[in-house]
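Here is a short briefing on one protein chain. Please look over the sequence and the model before reading on.

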Amino acid sequence: MIMVRTLPLLAGLAVWPAISPAQDPGSAPAVPRQIRIITASLGGTGPDFLARLIAPRLGDGLRVNAIVENRPSVNGVVASQYAARAASDGSVIMMGNAGTHAINAILYKKPGYDPVQDFAPISEIASIPLALVVHPSVPAKSIVELIALARKSPGKLNIAIAGAAGELAGNALKLQAKIDMTNIPYKGGAVATIAVLAGEADMVFTSYIVIGAHVDSGKLRVLGVSSTQRMPQLPNVPTIAEQGLPGYEHEQWYALFAPAKTPAPIVQVIYTEVTRIVNLPEINERLVSTGHRVVAGTPQQLADRVQREIEKTRKIMLESGMQQQ
């Protein structure tokens, strides 16, 4: 059992100060001529998709050169460390997510950065729920039936685990439903999904983008989604919370952060422009069509979300016995 309560990072968990209101644009520091948006993933993945959707419009709106820089690493640690130490002048911002800015704070004994102390929140861009899908051979067509099946044969069913987010979602389900299922780790969501398609694993928590075509073809069956609201793409699939587990919620969310000492006026300028961008009809429609829920929250709302997610992660890891790295 891990001893998360001894983590220095959380012994006196820092709290962001209240975000200052926008200042007179005439007195705001100039935004640098070039803004690099750091992502902790490879091209074509969720953070990269969002960063590249926003970058050209951010550049046009602020009359700067905005580029995306990929720095992939395990759970985004390297990219987060880099962004945390970057110049605090608005020239570097990071497309972070639930993993880089909440889960890693608990998952690692020494992540090498503090998601609260080392970053200034700009805005949550969007979130995307996870879908719990099973191989057709699993005789369950709902979360209620899955729970009953797991209780009948403790430990027999298994979950393909692709990263800490999927493991947390699965462990939270097991804890709340009081069931025993076996975790099988895989290197990445694509590999985990293939394992379920092959019948090597019974189920996986993953984004609908990854499994949509397989669900349409009948190769996988969706039992529920992890958000508080049903997905537009799956209007007939209830949320997990609707199926007897009230309060269950686990989403992958994406947000922009700046290094901690970035001046508040610069943070405000970028926040205002990003909010405008994600509310453009063509951008909003693109996000919704790919399974995202558009958020565009304020810096303070993002700060609050990070705090909640860190605490939720700590609770699940302690109660489930997830191993700290």
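Glu309 has a relative accessibility of 12%, so this residue counts as buried, the cut-off being under 20%. The model is predicted. Glu309 forms salt bridges with Arg305 and with Lys312. The points below start from this residue and then move on to the rest of the chain.

**Salt bridges around Glu309**

- Arg305 and Glu309 pair with their closest N and O atoms 3.6 Å apart.
- Both partners sit in helix 11, which covers residues 299-320. Because they are four residues apart there, about one helical turn separates them.
- Arg305 is buried, and so is Glu309.
- The second bridge joins Glu309 to the side chain of Lys312, at 3.8 Å from N to O.
- Lys312 is also in helix 11, three residues from Glu309, or about one turn of the helix.
- Is Lys312 buried, partly exposed or exposed? Its relative accessible area is 26%, so Lys312 is partly exposed.
- These residues belong to a network of salt bridges. Its members are Glu124, Glu251, Arg293, Arg305, Glu309 and Lys312.
- In general, side chains of opposite charge can pair when their charged atoms come close.

- Across the whole structure, the search finds 12 salt bridges.
- One of them joins the side chains of Arg36 and Glu69, at 2.9 Å from N to O.
- Which elements does the Arg36 and Glu69 pair link? Arg36 lies in strand 1 (residues 34-39), and Glu69 lies in strand 2 (residues 65-70).
- The two residues are 33 apart, and their pairing links distant parts of the chain.
- Glu69 has 18% relative accessibility, so it counts as buried.

**Residues with positive phi**

- Most residues other than glycine have a negative phi. Two residues of this model depart from that pattern, as follows.
- Lys178 has a phi near 60°, a positive value.
- Lys178 is in the loop that runs from helix 6 (164-177) to strand 6 (182-185). With a relative accessible area of 69%, Lys178 is exposed.
- Ala296 has a phi near 50°, also positive.
- Ala296 lies in the loop between strand 10 (293-294) and helix 11. Its relative accessible area is 14%, so Ala296 is buried.

- Ile270 is in helix 9, residues 264-278. At 1% relative accessibility, Ile270 is buried.
- Which residues does Ile270 touch, not counting those up to four places away in sequence? They are Leu62, Gly90, Ile93 and Ile122.
- Ile270 and Leu197 are 73 residues apart along the chain, and their C-alpha atoms are separated by 42 Å.
- Leu287 is in helix 10, residues 281-289. Leu287 is buried as well, with a relative accessible area of 1%.
- Leaving aside neighbours within four places in sequence, Leu287 is in contact with Phe49, Leu50, Leu53, His292 and Val294.
- From Leu287 to Ala172 the C-alpha distance is 27 Å, and the two are 115 residues apart in sequence.

**The chain as a whole**

- The secondary structure comprises 11 helices and 10 strands.
- How does the radius of gyration of the chain fit that of a compact globule? A compact globule of 325 residues would have a value near 20 Å, and the chain has 20 Å, so the two agree.
- The C-alpha trace spans about 65 × 45 × 30 Å along its principal axes.
- Of the 325 residues, 54% count as buried.
- Take the contacts between residues at least 6 apart in sequence: 80% of them join residues at least 24 apart.
- The accessible surface comes to about 14100 Å². Carbon and sulfur atoms account for 54% of that surface.
- The chain has 29 positive and 24 negative charges. The mean positions of the two sets are 5 Å apart.

Note on methods
Residues numbered from 1 in each chain as written. Predicted model: local features only at pLDDT ≥ 70, side-chain atom pairs only at ≥ 80, totals over all residues. Heavy atoms only, no water. Rg over C-alpha atoms; globule rule 2.2 N^0.38 Å. Buried < 20%, exposed > 50% of the residue type's maximum accessible area, 1.4 Å probe, protein only. Contact = heavy atoms within 4.5 Å. Areas by Shrake-Rupley, 256 points an atom, 1.4 Å probe, with all protein chains shown as cover. Lys, Arg positive; Asp, Glu negative; His and termini not counted. Charge placed at Lys NZ, Arg CZ, Asp CG, Glu CD. Salt bridge = Lys/Arg side-chain N within 4 Å of Asp/Glu carboxyl O.
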